[in-house]
Amino acid sequence: MAKDDYFKILFIVLNDLYGHLKDGTRVQLDDISPETLKIPDSYWLSIVKNACEKGLITGPKFRNTKSGLAVVNLDGMEITMDGVDFLQNNSQMKKVYDILKEMRDWIPVV
């Protein structure tokens with residue numbers, strides 16, 4: 001699975017948001033930023049916008065500009081109950097989880 005696979009990025013974003021929801025901590029956007037994930041801003045915005053439109057997350061506000069899609073506000077980004085259900089029950093999300101878990105098991109702990 002490529003490091004920039006759409007479903008992998010979506011999994012990482014949703015999983016991080018869900019972890020913060022369960023812990024009762026504030027989301028650290030730097031942990032799921034395009035820079036951290038090493039993907040273009042426009043690709044990240046598209047994934048987050050689609051997740052918002054599907055009701056998987058709330059918070060971000062977007063607008064179209066002459067140069068493309070722009071985010072107006074990322075504060076308060078949270079996973080929804082539909083997002084939690086998607087994360088836990090979608091077959092593609094389970095596949096990504098299994099691949100990432102297997103990769104983690106291969107990496108030696110230093």
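Guide: An axis here is a line fitted to C-alpha atoms, for helices over the stretch in contact, and angles run from 0 to 180 degrees between N-to-C directions. This is a predicted model, so local features need pLDDT of at least 70 and side-chain atom pairs count only at pLDDT 80 or more, while totals for chains, interfaces and linings use all residues. Residues are numbered from 1 along each chain as its sequence is written, and side-chain values use heavy atoms, with hydrogens and water left out.

Visitor: Happy to be here! Which pattern does the chain follow, read along the sequence?
Guide: Let's start by counting: there are five helices and four strands. These are DSSP runs numbered from the N terminus (helices are H or I, at least four residues; strands are E, at least two). Read along the sequence, they give α-α-α-β-β-β-β-α-α.

Visitor: At what angle do the axes of helix α1 and helix α3 cross?
Guide: Look for α1 at residues 6-23 and α3 at residues 41-53. Their axes come within 10 Å of each other, and they cross at roughly 65°.

Visitor: What does that make α1 relative to α3?
Guide: Angles of 65 to 115 degrees count as roughly perpendicular, under 35 as roughly parallel, over 145 as roughly antiparallel and the rest as oblique. The axes of α1 and α3 cross at roughly 65°. That makes α1, relative to α3, roughly perpendicular.

Visitor: Is α1 oblique or roughly perpendicular to α4?
Guide: The axes of α1 and α4 come within 10 Å and cross at roughly 125°. That makes α1, relative to α4, oblique.

Visitor: Within what arc do the buried residues of α4 fall, seen down its axis?
Guide: An α-helix has 3.6 residues a turn, so residues three or four places apart point the same way. In α4 (residues 81-89), G83, V84, F86 and L87 are buried (under 20% relative accessible area, with over 50% exposed and values in between partly exposed, using a 1.4 Å probe and protein chains only). They line one face of the helix, because their directions from the axis to the C-beta atoms fall within an arc of 165°.

Visitor: Is T80 buried or exposed?
Guide: T80 sits in the loop between β4 (78-79) and α4. Beyond its neighbours within four places in sequence, T80 is in contact with G55, L56, I57 and T58. Its relative accessibility is 16%, so T80 counts as buried.

Visitor: What is the phi of K38?
Guide: Most residues other than glycine have a negative phi. K38, in the loop between α2 (34-37) and α3, is exposed at 61% relative accessibility. Although K38 is not a glycine, its phi is positive, at about 55°.

Visitor: What distance separates the C-alpha atoms of D75 and T58?
Guide: Find D75 in the loop between β3 (68-73) and β4. D75 and T58 are 17 residues apart along the chain, and their C-alpha atoms are separated by 9.8 Å.

Notes
Contact means heavy atoms within 4.5 Å.
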